[in-house]
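Please consult the sequence and the structure displayed below while reading.

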Amino acid sequence: MHIATATLASTAPYSQSREYASEVPKLDRETPDVYDKRTWRSHCHVGADGKLFIPPMAFKMALDTAAAMLGMKIPGRARATYTKFFLSGVLCMEPAVLPLTINDVACERIYANADGKRGSGKRVWRQFPRIDKWQVDVPFHVLADEITRDVFAEHLKQAGAFVGIGRFRPQSGGYYGRFEIKKVEWT
């Protein structure tokens, strides 16, 4: 097993959209619009220390999606691709802690579908947190020997450019959550 610690930096803003309705109740006679304005920071992922973090599964799923999209063939293995090796042979288990608290994020007001599904009908104004710049170190546990340093780097590069993380990422038809690799250290 290897640990590939990737230093990743934003190339576009990042926005979180954690579901929190069951944790933050509406006040008596509070309209949905007023509730959203009061609680928009609750979309953030916040650790016990009060710092924001990017969930590890955001990076894992971006990498898995890139592997499936690329379909890169393994040399000398007929039609076998790296996809299954990324799915079962790479883990990302630690949150990427940002040097921010919920008071440091900007509010972005967007006109979105009320139920969050594109083209479903009624649209309403919503508020979400937006982080314009970020850089984090993300440790990936690479269990599959088939995944070389170059193969890992290429897949992570494509994940950052075309899949992304968070709300309104390229995978979902947006352009937020894109990132670039600053460096990768293998141990």
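The second largest pocket has a volume of about 270 Å³, a volume being the space filled by probe spheres set on grid points that are joined across faces, edges and corners. A pocket is an open set of points, on a 1 Å grid over the protein atoms alone, where a 1.4 Å probe fits, with protein on both sides within 12 Å along at least five of seven lines; lining residues have an atom within 4 Å of a point. This is a predicted model, in which local features need pLDDT of at least 70 and side-chain atom pairs count only at pLDDT 80 or more, while totals for chains, interfaces and linings use all residues. Residues are numbered from 1 along each chain as its sequence is written, and side-chain values use heavy atoms, without hydrogens and water.

**Second largest pocket**
- Its lining comprises 17 residues, and A58, I165, G166, R167 and R169 lie nearest the centre.
- The lining divides into 7 nonpolar, 7 polar and 3 charged residues (nonpolar: Ala, Val, Leu, Ile, Met, Phe, Trp, Tyr, Cys and Pro; charged: Asp, Glu, Lys and Arg; polar: the others, Gly among them).

**Largest pocket**
- The largest pocket holds about 960 Å³ of space.
- Of the 34 residues that line the largest pocket, A112, N113, G116, R126 and F128 lie nearest its centre.
- By class, this lining has 14 nonpolar, 8 polar and 12 charged residues.

**Residue D36**
- D36 is buried, with a relative accessible area of 5% (buried means under 20%, with a 1.4 Å probe and protein chains only).

Key: Buried means under 20% relative accessible area, exposed over 50%, partly exposed in between (1.4 Å probe, protein chains only).
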